[in-house]
Amino acid sequence: MPKLTCRRKLTLSLAVAAAIATQNVTAQASTTAIEGQIEETFVTGIRQSLLRAMDLKQNAPSIQDSIVAEDIGKFPDQNIAESMQRITGVAISRENGEGSKLTVRGFGPKFNLVQLNGRTLATVDRGREFDFQVLPAELIAGVDIVKAARANVPEGSIGAYVNTKTARPLEHPGLHAVGAIQTTYQSLAEQFDPRLSFSVSNTFLDDTLGVSLAAATVDSTQRTDSFETAVWALQSVQGQPGPFKYANGASLDNTDKVWYPGRLRFSVGVEERERTSGNLTLQWAPTDNFTSTFDAFYTSLENTEFTDGLQIPLQITGWSDVLVSDNLTALKAHKDKTKIDGLFRLVGGDAKTTAFGLNSVYEGDSWKLKGDISYSKAADNPFQNDFSPQFVNQSAGATTGWALSGVDFADFDSTTGDIPTVTTSYDFTDASTIRSHFNNLLSQKLSDEVTEARLDLIKTVEFGMLESVEAGVSYSDRTKAQDEFGIVSFCADPKFLPSNSPEFMARTVCDAAKDHSDNLFEVRNNDFLSGVSGNFPREFVSIPDYQAYLEEIGRLRQEPTWADQVYKPAAAVNNTEETKAIYVQTNLAGETRFANWSGNFGLRYVETETTSQGFRQELVNVVPNYPEGNTGSNGWPVTSTLTPPVERFAAKSYDNLLPSLNLSLDLDNGNYIKTAAAQVMTRPAIEDIGVNRTANYNRAEFFSSTRGNPLLNPYKADQFDLSFEHYSINGNAYSVNYFYKKISDFIATSRSVVDLGIALPGYSDNNGTLTELVTQKTNLDGGTVQGAEIAGLHYFDYLPSFWSGFGASANYTYIDTSDGAVDTAVAIPGATTPKESLEGFSQDSFNIGLFYDRDGLQARVAYNWRSDFLKSLSGASSRGQLSEHVESYGQVDLSASYDISDNITLTGEVINLTNEKLLEYADIRERVTLVDYNGVRYQLGVRAKF
């Protein structure tokens, strides 16, 4: 930047510091002019955190937002994502009530590149999405959200580049030590859990050597009360008892089909989570022009979740008195021959992530050389065990798991609310009525390794408007792998097939009504959804000892080793990605009669090479697995023959030239106009470019497969930004921003129906011929995304006495999209086409916060809201046939702290104060797929610093 611009920034910084010094607030800043430089001490408080964030935003070389820790080891929230949702244009998704992944300007998690200290952190997700639950807030010093691309910033983000940063000891000389002890209480789990953290840093040898060590550990117990629907499918009116009627009394034709939920599920899940994290930073600056920094990061996230509940299978025939909406959705019905299944699940994992990085900077008289090399590895062994015994109606004399016609039934009515009213003929709190049925054990091995290197040169030129030139190269090598394991059979040893043989019938536990020992189960009064009115199951039986249950299934199957898992090669996949990039960027500055200006123009060229290696099984034949004369009363089960797993390999390469331009006009008096233009790209999701395939080949009515496409090209877009920003000397800040993105290359979900030419006797669809619904990603033309962001930060420091400590912040984001990539290949009755195919896209979002910072008391109340958004174009709840959406969501959070001395602070926090629910639906709002209540989280603690 030119010298005159530096003087302007220096003057403004001094003015801000002077304004703060005259206010009686907790946050205090001291600045000392020494030989023309400013030395700033580390300061604390909500207000100072906001001021430093605004300073970064104001002086950034492109349009960006920032978050700065209020003190060492004190991020504004206990969850990093929950802090970032207060940034304009940023929305988050939640997992078990905690902030998890980011959407920026309508672009979901896979469109945003997230790094730690400018380096890619390996993850255990199959995709590129970054889950912020892996990063403890206590270890983070700040976050930059870069919305306008620059040549010297890593490529890969159409949404935003997000860089999280840890503390640097040489930036804060001397000894600093902070420790915190907290307890967390969740209203549903009703359990107190500990949260501990500490951070210590010191400098030695005349402040030329610095060491920083931080660690955090948290145990948490999170309960979630859930209602779900699954296996949404089309049910033919023909062959059903009926009648099927609309609300106006009109009857449906026999040729019509109705969307219905194949499962109604009610469950209580309790997750126990333990996260331990640590970060070590060593800095060495033996001379004024050389600094070397070494970082080591480690985190372990171990979790286990136990779920108790029940499900009502509705996929078989026997529908009567059906009320149908105008959208062909079954809203209310009576169902004969209906079973009740227990729904017990044990899931968990033990994810571990390590990262190491070495960065060195050498600064000459007119040039600077920066080098960085890093390595990161993540591994996880997730597992999921599902147990679904059946209930029988003993009072009706039932001897099998199948209900008796005209005796056992289930009524459901979803017109009464999001959670339907349910009435059944079963007593599902009586353990003596439980019989054996379906069981499945599944586990995976996931790994990710990333090696990166970067070299940057900055040369000061000061030739006319040209201030400096930057050039650099970077290299990245990444490998993601997945291996899967599972039991051989859900029901019985397949060597005794066919399923109607006496040997198989003697051993199978599926629909066999084999009696379980009653002492395997216990009834728990979980006070399920106590705050929600309605007539639905409130109590469930549970399995207190899963090992005893496994042994019981082995006895019933006459197969003690039934739970042994074998390798599933068809689900294995290994992806590699190698990138090489080179860039040049010119940094410019000058002045006109009306404004001083600065900016940069650059080109970034990147080559990408990917490979995918795995196994695939091809379909050989399909034969019926239903009795002759079947009418579909139990659906259309089939037995599919597949080839042995055959190894597959695919490779792909592409290159991109990405220009970028950023310009900032300083209009004086704190007014700025900023603009930017760039071409950006996002690489295909890693899980979409595999050679593997997942298939549902066990029922004719759901016969489908989802396939990877290793030949996908990346997303590409041209983007433009225009922003007006105002900064007052007391810290008030206001901004209005317009952005536009034209997507030239997009990746969309393609569906096609393939006629397999296999005749199935009695099968009611497609004239008795089997078809397969094939889902795959493909490249299509994109559309446009444009929107506006409005933000304001205001201090009431002009009010008298106590009132001068108040401040307020607010922002609103509006986004509009015109999408040419929505899939319309398969016309499905009663299914609508989403307006957009951008997963994570919310049209509206806003954040409002009121805070107080004075005389040792700091407090904040914030409300965050986002409108409905698309979760998936091919929703799992409908086996890929319907899109899946998340309903608009708003949440109130509170936080407060009080300094009882210079060293001791009491802290408190309330998350989700009003106990809001998370709701998801398939295609249209009346097809609810999920209602989650995660309760309210309370945190109390004490923090000490020395």
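This is a predicted model: local features need pLDDT of at least 70, side-chain atom pairs count only at pLDDT 80 or more; totals for chains, interfaces and linings use all residues.

**Rings, charges and strands**

Reader: How do the rings of phenylalanine 846 and tryptophan 865 form their aromatic pair?

Author: Rings of Phe, Tyr and Trp (its six-membered ring) pair if their centres lie within 6.5 Å, and planes under 30 degrees apart count as stacked, those over 60 as edge-to-face and the rest as tilted. Phenylalanine 846 lies in strand β44 (residues 844-854) and tryptophan 865 in strand β45 (residues 857-866), so the pair ties together parts 19 residues apart in sequence; strands here are DSSP runs of E with at least two residues, helices are runs of H or I with at least four, and both are numbered from the N terminus. At 24% relative accessibility phenylalanine 846 counts as partly exposed, and tryptophan 865, at 23%, counts as partly exposed as well. With 5.4 Å centre to centre and 25 degrees between the planes, the pair is stacked.

Reader: How many aromatic pairs does the structure hold, and why is the pair of phenylalanine 521 and tyrosine 549 classed as it is?

Author: The structure holds 33 aromatic pairs. In this pair the ring centres of phenylalanine 521 and tyrosine 549 are 6.2 Å apart and the planes stand at 75 degrees, so the pair is edge-to-face.

Reader: Which residues form one aromatic cluster?

Author: Phenylalanine 521 lies in the loop between α4 (502-507) and β28 (522-524) and tyrosine 549 in helix α5 (residues 546-557), so their pair ties together parts 28 residues apart in sequence. Both residues belong to one cluster, whose members are Phe306, Phe344, Phe387, Phe521, Tyr546 and Tyr549.

Reader: How far apart are the closest N and O atoms of aspartate 721 and arginine 105?

Author: A salt bridge is a side-chain nitrogen of Lys or Arg within 4 Å of a carboxyl oxygen of Asp or Glu, and by this rule the count comes to 39. Aspartate 721 lies in strand β39 (residues 715-727) and arginine 105 in the loop between β5 (98-104) and β6 (113-116), so the pair ties together parts 616 residues apart in sequence. Both aspartate 721 and arginine 105 are buried, and they belong to a network of salt bridges that also links Lys57, Asp65, Lys147 and Glu789. The closest N and O atoms of aspartate 721 and arginine 105 are separated by 2.7 Å.

Reader: At what N to O distance do the side chains of aspartate 386 and arginine 345 meet?

Author: Aspartate 386, at 11% relative accessibility, counts as buried, whereas arginine 345, at 29%, counts as partly exposed. Their side chains meet in a salt bridge, and the N to O distance is 2.5 Å.

Reader: How far from the ring centre of tyrosine 795 does arginine 47 lie?

Author: A charge sits over a ring if NZ of Lys or CZ of Arg is within 6 Å of the ring centre and within 35 degrees of the ring normal. The charged end of arginine 866 sits in this way over the ring of phenylalanine 869, 3.7 Å from its centre. Arginine 47 lies over the face of tyrosine 795, and its distance from the ring centre is 4.0 Å.

Reader: Which residue in β18 is the bridge partner of phenylalanine 244?

Author: Three bridges join β14 to strand β18 (residues 319-324), and the two strands run parallel. In β18, the bridge partner of phenylalanine 244 is valine 322.

Definitions and conventions: Residues are numbered from 1 along each chain as its sequence is written. Side-chain values use heavy atoms; hydrogens and water are left out. Two strands pair if DSSP finds at least two bridges between them. Buried means under 20% relative accessible area, exposed over 50%, partly exposed in between (1.4 Å probe, protein chains only).
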